[in-house]
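Please look over the chain shown here.

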Amino acid sequence: DLSTGDGMYKSTDAGRTWTHLGLRDGQQIPQIVVDPKNPNRLFVAVLGHPYGPNTERGIYRSTNGGTSFERVLYKDENTGGIDIAMDPADPNTIYAVMWETRQGPWENGVWTGPGSGLFKSIDGGTTWRPLTQGLPSFADGLGRIGVTVAPSDPRRLYAAVDAGRNGGIFRSDDAGETWT
């Protein structure tokens with residue numbers, strides 16, 4: 001149920017050949033989002049090492065098709081990027097999920113920490129702010145979050161929230177400001 005890799009790869013010939021782009025020590029890259037209006041602009045969620053601290057965790061942006069990456073959202077060596085969603089009507093509005101987690105070397109040895117949460121950027125990933133109104137917190141046992149934007153209405157978001165208390169499927173009708 002767990003696999004690791006050695007970074008990002010890109011193919012420009014429909015998958016016949018591949019070029020390594022970087023993020024070699026990220027080990028787990030659960031999400032990549034490409035700007036539909038500019039294929040050279042992309043965001044990468046790097047979860048990091050499953051069993052230990054890793055400074056390559058976070059959300060990365062490339063504006064040159066992956067030739068280089070800039071980390072635009074980072075919390076600490078234990079909190080990595082797990083999900084990214086882009087507003088289809090405005091690719092400068094991006095939602096990112098950070099997840100503080102670690103696997104133990106034994107079965108069911110998972111732990112999570114207070115660094116988990118949902119974040120929003122309206123300037124193409126340069127600045128971020130947390131979205132918390134109506135969502136479970138660390139005190140509720142917050143774990144992993146999955147987020148998506150409704151293509152029919154970019155102000156409507158859905159989030160699958162893992163939490164010991166009050167977890168479930170949440171909806172926002174105001175672009176993430178409040179959740180039910």
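Is Glu177 buried, partly exposed or exposed? Glu177 is partly exposed, because its relative accessibility is 33%. This is a predicted model, and the values below are computed from it.

Glu177 has a salt bridge to Lys120, at 3.8 Å from N to O. Glu177 sits in the segment after strand S14 (168-172), while Lys120 belongs to strand S10 (residues 117-121), so the contact ties together parts that are 57 residues apart in sequence. Lys120 has a relative accessibility of 9%, so it counts as buried. The cut-off for that class is under 20%.

Glu177 also meets Arg129 in a salt bridge, here at 2.3 Å from N to O. Arg129 is partly exposed, because its relative accessible area is 37%.

**A pair between two loops**

Arg165 forms a salt bridge with Asp140, and their closest N and O atoms are 3.1 Å apart. Arg165 lies in the loop between strand S13 (157-161) and S14, and Asp140 in the loop between S11 and strand S12 (145-149), so this pair ties together parts that are 25 residues apart in sequence. Arg165 counts as partly exposed, because its relative accessibility is 47%. Asp140 is buried, because its relative accessible area is 17%.

The model has 9 salt bridges by the rule used here.

| Pair | N to O distance |
|---|---|
| Glu177 and Lys120 | 3.8 Å |
| Arg129 and Glu177 | 2.3 Å |
| Arg165 and Asp140 | 3.1 Å |

Why can such pairs form? Side chains of opposite charge can pair when their charged atoms come close.

**Strand S7**

How many residues of strand S7 are buried? The count is 8 of the 8 in residues 79-86, so strand S7 is largely enclosed by the rest of the structure. Strand S7 runs antiparallel to strand S8 (residues 94-102), and 7 bridges join the two. Asp83 illustrates the pairing: its bridge partner in S8 is Val97.

Terms used:
Residues numbered from 1 in each chain as written. Predicted model: local features only at pLDDT ≥ 70, side-chain atom pairs only at ≥ 80, totals over all residues. Heavy atoms only, no water. Buried < 20%, exposed > 50% of the residue type's maximum accessible area, 1.4 Å probe, protein only. Helix = DSSP H or I, 4+ residues; strand = E, 2+ residues; numbered from the N terminus. Pairing = 2+ DSSP bridges. Salt bridge = Lys/Arg side-chain N within 4 Å of Asp/Glu carboxyl O.
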